[in-house]
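I opened this model to look up ring pairs, charges and surface patches. My entries follow in the order I made them.

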Amino acid sequence: MLKEAMMTHIKDKDMENLKTLLATAEELEILDAFYDLTSEEQVIVFRLLAKDHALRIFEELDTDEQQNLLRSFTDERAIELVNEMAPDDRVRLLDELPASVAKKLINSLSPDEREVTNVLMGYKPETAGRVMTTEYISLKRDMTVEQALEKVSAQAEDKETVYTLFVTDDAQKLEGILTLKGLLIARGASGTTIGKTDGNTLVGSIMSQNAISVTTDADQEKVAHILQELDLLALPVVDKEGRMVGIVTIDDAVDILEEEATEDIYDAAGLADITGNEADRSEVLVNGNLWRIWMVRLPILLITLLFALFSGVVINEFEDTLESIPAVAIFIPLLMGMSGNVGTQSSTVFARGVVLGHIQINSFFKHFFKEIGVGFSIGLVLGVATGFIAAIWQGMPMLGLAVGLALIVAMTLAALLGFLVPFVLIKLNVDQAAGSAPIITSIKDIAGLLIYFMFVSVFLGIG
């Protein structure tokens, strides 16, 4: 309903009512609707959101969506937005941006935010230090409950969480942990005392000294599992000297577990780091120098050149057939072109399906056999039609039969190769973007010619 209302206001250019609608809508509703909007519509909606509202929604977006929005903003607006992000969310975004863009944004941050960002980016990827945030509330054990609550109230708006509070000494070493609920109970629901506690009770007397923490070099997946298994909202992170430097929150843990689960699926199929590899290879093919592009593309093309020469050998072997019935040659380009189109479609479907998660690698053969069925069904329809046309056109029913059957088999084979070749290349850690199409085309051409001439020999009695 919200999406429809938003789109109606955008279509009618009714920005005033759209702004009012966004101001009263829940952030989760806006976020759900946001992904269904076009890039232009997203920009319009984002510009009409209140500043704090916009920041919270931006931090919840996928990094791809964040990048798309940043590209549509002025430099000033992009810098302002990135400067106001939580440090861990900012680092996650900067990790995904091109190095030149990330460097420009870092240099544009305020001195304090730049320092925090550089500290976090100094830790190794996929560690607690890299995913933690420095926005937490630190208390002292000699504070009274009232003083602690005053500090929480004063800093709440700028911190990642206020529900879990941390007690540190003057050297910033972790001494204990307590919850906001514990503070409120200690003070009393309405300023009255409960039991022996009151507003003058010291934090040190109500904190838990058995605080579980992790070091900055701890694996992020291990950290996420600790948060999940112990049902914690936040986990303190300490350096090698035991000084508290940040926290990892439960929302970060959920993101980490989702990412790790995806990586585990790829790893089980021998496809670990597929997304990172594809991004790096794309960067080389698009923005790399001429030599690096040659190193990726030329070896594949040299291999396919040999296949192409072999195709010439196949045609030469059936020279007598072509001399006996010249009409046979008419359908060679059609056979190779149509099967090539199917191979291209299948490889595109596979590549996009893997990237978007629609094709589950651990059940590859289910998708593989389905694609073979799709190729066969398309080949059957087009093969029957083409065979009928060839028979009528050339007045040779047996030639039509040979053309139709060859097209069915060739298109089925092309669909098979369209899934199998990129899958094998990825498992071999070879760039499938540069290699799939040439290899599919080469194998399909040779096999298609052999199949076609075999059917011609069988049904027309020549060879």
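**Entry 1: rings**

I started in helix α24 (residues 432-460), where Phe455 and Phe459 are four residues apart and therefore separated by about one helical turn. Helices here are DSSP runs of H or I of at least four residues, strands are E runs of at least two, and both are numbered from the N terminus.

This is a predicted model, so I noted the limits: local features need pLDDT of at least 70, side-chain atom pairs count only at pLDDT 80 or more, and totals for chains, interfaces and linings use all residues. Residues are numbered from 1 along each chain as its sequence is written, and side-chain values use heavy atoms, with hydrogens and water left out.

How do the rings of Phe455 and Phe459 pair? They are stacked, 6.0 Å centre to centre with 20 degrees between the planes. My cut-offs: rings of Phe, Tyr and Trp (its six-membered ring) pair if their centres lie within 6.5 Å; planes under 30 degrees apart are stacked, over 60 edge-to-face, and the rest tilted.

I then checked cover. Buried means under 20% relative accessible area, exposed means over 50%, and partly exposed lies in between (1.4 Å probe, protein chains only). Phe455 is buried at 15%. Phe459 is partly exposed at 26%.

I searched the whole structure and found 13 aromatic pairs. Phe331 and Trp393 make an edge-to-face pair, with centres 5.6 Å apart and planes at 80 degrees. This pair links distant parts of the chain, 62 residues apart: Phe331 sits in the loop between α20 (327-330) and α21 (332-356), and Trp393 in helix α22 (residues 364-394). Phe331 is buried at 4% relative accessibility. Trp393 is exposed at 54%.

I also logged one aromatic cluster; Phe350, Phe364 and Phe419 are among its members.

**Entry 2: nonpolar patch**

Areas come from the Shrake-Rupley method with a 1.4 Å probe, and for residues only the protein chains shown count as cover. Patch residues have over 30% relative accessible area and no salt bridge; like charges are joined within 9 Å, nonpolar side chains (Val, Leu, Ile, Met, Phe, Trp, Tyr) within 5 Å.

Which element gives the largest share of the nonpolar patch? It is α22, with four residues. Ile392 is found in that helix and is exposed at 58% relative accessible area.

**Entry 3: salt bridges**

I counted nine salt bridges in the whole structure. The test is a side-chain nitrogen of Lys or Arg within 4 Å of a carboxyl oxygen of Asp or Glu.

Arg56 bridges Glu27, with the closest N and O atoms 2.5 Å apart. Arg56 lies in helix α5 (residues 51-60) and Glu27 in helix α3 (residues 27-34), so the pair ties together parts 29 residues apart in sequence. Arg56 is partly exposed at 40%, and Glu27 is partly exposed at 26%.

Glu113 bridges Arg90, with 2.7 Å between the closest N and O atoms. Glu113 is in helix α10 (residues 111-121) and Arg90 in helix α8 (residues 87-96), so this pair ties together parts 23 residues apart. Is Arg90 buried or exposed? It is buried, at 0% relative accessibility.

Arg243 and Asp239 meet at 3.0 Å, N to O. Arg243 is partly exposed at 36%, whereas Asp239 is buried at 12%.

I found a salt-bridge network linking Asp89, Arg92 and Asp252. Asp252 lies in helix α16 and is buried at 1% relative accessibility.

**Entry 4: negative patch**

Helix α16 (residues 250-268) also gives the most to a negative surface patch, with four residues. The patch includes Asp64, Glu96, Asp251 and Asp255. Lys and Arg count as positive, Asp and Glu as negative; His and the chain ends are not counted. Each charge is placed at NZ of Lys, CZ of Arg, CG of Asp or CD of Glu. Asp64 is in helix α6 (residues 63-72) and exposed at 53%.

**Entry 5: backbone**

Most residues other than glycine have a negative phi. Lys13, not a glycine, has a positive phi of about 55 degrees. It lies in the loop between α1 (2-11) and α2 (15-24) and is exposed at 70% relative accessibility. Gln172 has a positive phi near 70 degrees. Its place is the loop between β2 (164-168) and β3 (174-179).
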